[in-house]
Amino acid sequence: MFVLVNLKAYDCDPVAIARAAADVADDAGVRVAVAPQATHLAPVAGTGVETFAQHVSPTGHGSHTGSTLAAAVAEYADGTLLNHSERRLRLADIDAALDAAEEAGLETVACANNPEQVAAVAALGPDAVAVEPPELIGTGTPVSAADPDIVTGAVAAAGEVDDSVSVYCGAGISTGEDVLAARELGSSGVLLASGVAKADDPRAALEDLVSGL
Ligand SMILES: O=C(CO)COP(=O)(O)O
């Protein structure tokens, strides 16, 4: 299982969380990555943790003021999220951003709300899709419990389009039990945020997340 922690714009210490994530990943032998704000990619990557951007722009080099250039992100990051529900892209832009990320050598995790969107995004060839019903984001109610059919449906939908695309799930995931439930439903990773970024003890939260793996 892959545990991808999205720090969003939460008021947290990205480097401290990154250090904890790197330790937990090493101790547990589990893939754990951290997706900080773009300006924190370098110090987070400096901890040795697997580092993801939260977004890259659907453009390459050129006159694109304010863009998040995939090639620049790749100087520090190993991968990137795309099309998160809080950073939604048009279908054509998902396609172009995937091209830019892949050209830069970034692993890609494209987000989708439901199995139908998973099928559409999987057709564009990301390394993985992450199904996340927006209404469950930040609620602490895990998608694996609230709506397990979304997860199984996403796994089936992606498999019908391209079985090389991994399927992760997210929204409300915060415990090791949630991670095991997600695996039981067929996903090979989880995407989460508040369970770690807003935790009083992020290290303890990370240790619990991987405890059953
Ligand atoms: O948006 C998410 C991860 O990208 C899910 O957020 P929560 O883990 O806070 O529900």
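## Ligand shell

A residue counts as near a molecule if one of its heavy atoms lies within 4 Å of that molecule. In this predicted model, the residues around the ligand are N6, K8, H84, E132, I137, G138, A171, G172, L191, L192, A193 and S194. This shell divides into five nonpolar, five polar and two charged residues. Here Ala, Val, Leu, Ile, Met, Phe, Trp, Tyr, Cys and Pro are taken as nonpolar, Asp, Glu, Lys and Arg as charged, and the others, Gly among them, as polar.

## Basis of the model

The model is predicted: local features need pLDDT of at least 70 and side-chain atom pairs pLDDT 80 or more, while totals for chains, interfaces and linings use all residues. Residues are numbered from 1 along each chain as its sequence is written, and side-chain values use heavy atoms, without hydrogens and water.

## Polar contacts and burial

Polar contacts are pairs of N or O atoms within 3.5 Å. A polar side-chain atom of K8 lies 2.8 Å from a ligand oxygen atom. From the backbone, a polar atom of G172 is 2.8 Å from an oxygen atom of the ligand, and an N or O atom of A193 lies 2.8 Å from a ligand oxygen. Taken alone, the ligand exposes 310 Å², and the protein buries 100% of that area (Shrake-Rupley method, 1.4 Å probe).

## Annotated positions

The unreviewed UniProt entry annotates H84 and E132 as "active site"; such annotations may be inferred rather than shown by experiment. These residues are spread over 49 residues of sequence but cluster in space, with a largest C-alpha distance of 8.6 Å. H84 is found in the loop between β4 (79–82) and α4 (91–103), where strands are DSSP runs of E with at least two residues and helices are runs of H or I with at least four.

The "binding site" annotation in the unreviewed UniProt entry covers N6, L7, K8, I137, G172, A193 and S194. They span 189 residues in sequence, yet no two of their C-alpha atoms are more than 14.4 Å apart, so they gather at one spot. N6 lies in strand β1 (residues 2–6).

Terms used:
Polar contact = N/O pair within 3.5 Å; in protein donor to acceptor, adjacent residues only side chain to side chain.
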